[in-house]
There are 2 protein chains.
Amino acid sequence: MMQPKPVPTPDPLDLEAFRRNAHALVDWVTDYLAGLGARPVREPVEPGEVRAKLPEDAPELPEPFDAVLADLDRVVVPGLTHWQHPGWFAFFPAQTSPPAVLGELAAAGIGVQGMLWATSPASTELESHVLDWLVDLLDVPQSWKTTGPGGGVLQAGASTATHTAMVVARELCRERTGAPAEKMVAYTSNQAHSSLEKGAKLTGFGHIRLLDVDADFAVRPAALTEAIEADRRDGLVPAFLGSNVGTTGTAAVDPLRELGEIARAEQMWHHVDAAYGGSAMICEEFRHHHDGLELVDSYTFNPHKWLATNLECSVMWVADRRPLIDTLSVVPPYLRNPASESGQVIDYRDWHAPLGRPFRALKLWFVLRSFGAEGLRRMIRSHVGWARGLADRIDGNPRLERIAPVHFALVSFVHRDGNEATDALAADINADGRFYVTPSEIDGRRFVRISVGSTWTTKDDVDALWDLIEASA
Amino acid sequence: MMQPKPVPTPDPLDLEAFRRNAHALVDWVTDYLAGLGARPVREPVEPGEVRAKLPEDAPELPEPFDAVLADLDRVVVPGLTHWQHPGWFAFFPAQTSPPAVLGELAAAGIGVQGMLWATSPASTELESHVLDWLVDLLDVPQSWKTTGPGGGVLQAGASTATHTAMVVARELCRERTGAPAEKMVAYTSNQAHSSLEKGAKLTGFGHIRLLDVDADFAVRPAALTEAIEADRRDGLVPAFLGSNVGTTGTAAVDPLRELGEIARAEQMWHHVDAAYGGSAMICEEFRHHHDGLELVDSYTFNPHKWLATNLECSVMWVADRRPLIDTLSVVPPYLRNPASESGQVIDYRDWHAPLGRPFRALKLWFVLRSFGAEGLRRMIRSHVGWARGLADRIDGNPRLERIAPVHFALVSFVHRDGNEATDALAADINADGRFYVTPSEIDGRRFVRISVGSTWTTKDDVDALWDLIEASA
């Protein structure tokens, strides 16, 4: 008689082996983070180099975890750009922190899928609760709480939140005007994040207007009024306005109140992309940038940028949840359940495009409790203070010129000798290996973008960066 | 003189504290998984019960991790529906496994954001490589490899992949016909997942046709032809066909070749939603369901359903990557870089709607190596075998009637006494506490859906479930 095949070893489901392997990986992760400062921010690697280290075929039989762990050092780390490096001044930060990593581990281990309240009540209720906490911490309108007419939901990212808002705007505009999407117009700053343009494309808006900005790169309300008038003359229909609190190029802030009044008069959906700037609002001294929030229909910011929480974690608030749910609710029989039908619970599947959802609120909860609001304010204020110090030094250097105000912790500047000198300066900084900054361009002018905000950056790192800038300039 | 404020304690950035806390959490996760079988699948919890345990305001000062960890037991676990429970037979599985949890921990600790090749080459190259491995493991067309004209990308979920495919379909249709989205039609089975309908809404398709199915719940090709003819007469434009390999209701499989030929003749984009069924294709005995894949433009399946990989992890393949990238590429100055401009690398930001992306390939790589292809085949075959055994027992019971073939590991059946008896049976099973099954409905007929596929389910669990069914029926 045939014997049943033995379970292959090592058995990937052996929980005691998991315990040992996880302990080993915890030590690896701790040592990785502790050792980051000694590595170059960007590992030198050519296209194809990582793949060349991998076997052509997937393994047929189980490999021991030691081999996998060893390959983190052999294959993965030498192919990384280290976003958590203390010398990370590029793009915006994608912050993680020890409490957030713990939250990710807990969520992965628990492994629930909170598409409905009923499919894990704690997932839904913790999410609602923590996002209501943030309403208070950021002092946004109380009506945005889930206990009011609005509510918060965790989206994968601000791109997704913005796209979702656009779809709701399109449906409301269609109901109101009967216009096809091809006739609808979305408006935003010519400084807006690429996700506005991408979102408009995904949504099928026929037109997007990238509006003129003032000297501080904030949208001129007159530019919006003029664009609307021209579009109306052409038989088009304004449907969506995207305002910005912290643009990607220079962290500019649009005048929310003036733009919001225009949007309201035109019955457009008014969405705020505060992906970067929103986290700063945990400190009251930045909240003047929020004037006019009562004229906003939806708002998004990313704790995964600057609130110490791992990707993916983006907050989306709506002032009124009904149009969102009306647009996105599709209920097949297998999702029907008594709790949903009671109307007493939130089913987050109706608040975003995907159905399935991981337990993202857990890491945000871990972060808020482990830092405390005061710990997060301290972090934000440190970054902003260091960025302003850097700006002062730039202002004091005759070869350099700042091109935008430092509202938050992003400093944008040029070399006065022109584009070539600016690009050479950025290249010098990045060639050093200790730091990574982003070269960019605005109105044909090349500039250097320094975003202070890695979890692990210290004042010493910013000082050392300045020394290098001064020497290179 | 003022002294600087001391860092609050506990310091959330203390790495040695992280090491200790993470070790404690590893033990907690291991014990949670080991103890799951002794808990009810669904904790008894009323709406609002979880929130009532949480303080009204966020903490101002840092809390020790011990307090957070204790609240996993006090607040979180008693509010969970345990998707990883061995008695999980509801919906589809959302599988995790020890190697995948390790992969999540590693990705969270490394914390890179792979929107561009340049922002972490290992993230992009590992993803391409592992998805190319899967082309071989599932024996889908070789041209779907990233080394060919197509390629694979990890999406958050099948909903997202399907929506992305629809947007590409809409843009291609618009270019080809000039029709507005309102005139376009998407076609799929009346058994398709709700994400098809939701995706069509998000995309702005004016029409979706939910096609008639045969006795096995597979789309009748004639139904597609008839629908197209009627729509053409009405001046509408066929734009998208969604075929299914494993529908949500009964895991039905549509005839890909016949439908694909019609789609091709109509120049429609042909997308396959194999969210559930795709994983089974790692075993050759299921691949007859794949006949006709060369007539497919895009395909999605979820390792986070049935390939032992944590949420979120959904594979999307395209036969030709150019229309996908042409549709989704928006390149602002701050994302330009020499590697992208060389054309030698993949920038996955152009392959999906979001910009930012976590390092999802890591967990899939951990899983493929830790199980080996053979370990994954063994798991799939166990689940399918147990499901067929259950089906045989149902077929042998005069009170029960199976309503669909068992192509994979989903068994759908009714009580012969009618809807009330069927619902009562499902309620009995779920009231027991050891198991969770999904009551659903098809053509007005209530049925019980049993999806075998939890990572931790054993034959004994399936036998015990049968004993309960038999006793309750």
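This is a predicted model: local features need pLDDT of at least 70, side-chain atom pairs count only at pLDDT 80 or more; totals for chains, interfaces and linings use all residues.
**Sheet in chain A**

I started with the sheet: seven strands of chain A make an open, mixed one in the order β2-β8-β7-β6-β5-β3-β4. For pairing I required DSSP to find at least two bridges between two strands. Strands (E, at least two residues) and helices (H or I, at least four) are DSSP runs, numbered from the N terminus. The edges are β2 (151-155) and β4 (207-211) of chain A, each pairing on one side only.

Residues are numbered from 1 along each chain as its sequence is written, with chains lettered from A and ligands numbered from 1 in the order in which they are written.

**Around β7**

Next I went to β7 (residues 298-301) of chain A.

I then checked the neighbours of β7(A). Strand β6 (residues 269-273) of chain A pairs with β7(A) in the parallel sense over three bridges, and A:Val272 has A:Tyr299 as its bridge partner. Strand β8 (residues 314-318) of chain A pairs with β7(A) in the antiparallel sense over four bridges; here A:Tyr299 stands opposite A:Trp317.

**β3, β5 and a helix across them**

I noted five bridges between β3 (residues 184-189) and β5 (residues 237-244) of chain A, which run parallel. A:Ala186 is set opposite A:Phe240 there. Helix α8 (residues 221-233) of chain A lies across β3, β4 and β5 of chain A, at about 150 degrees to β4(A). Axes are lines fitted to C-alpha atoms (for helices, over the stretch in contact), and angles run from 0 to 180 degrees between N-to-C directions.

**Helix pairs on α13**

I took α5 (residues 121-138) with α13 (residues 361-395) of chain A first: their axes come within 9 Å and cross at roughly 40 degrees. That is why I logged α5(A) and α13(A) as oblique; angles under 35 degrees count as roughly parallel, over 145 as roughly antiparallel, 65 to 115 as roughly perpendicular and the rest as oblique. Among the residues that meet are A:Trp133 and A:Leu137 from α5(A) and A:Trp365 and A:Leu368 from α13(A); contact needs C-beta atoms, placed from the backbone, within 7 Å.

How do α13(A) and α15 (residues 459-472) of chain A cross? Their axes come within 10 Å at roughly 20 degrees, so I put α13(A) down as roughly parallel to α15(A). A:Trp386, A:Leu390 and A:Arg393 of α13(A) make the contact with A:Lys459, A:Val462 and A:Trp466 of α15(A).

**One residue in chain B**

Last, I looked up B:Asp31, which is found in helix α1 (residues 15-35) of chain B.

Note on methods
Two residues are in contact if their C-beta atoms, placed from the backbone, lie within 7 Å.
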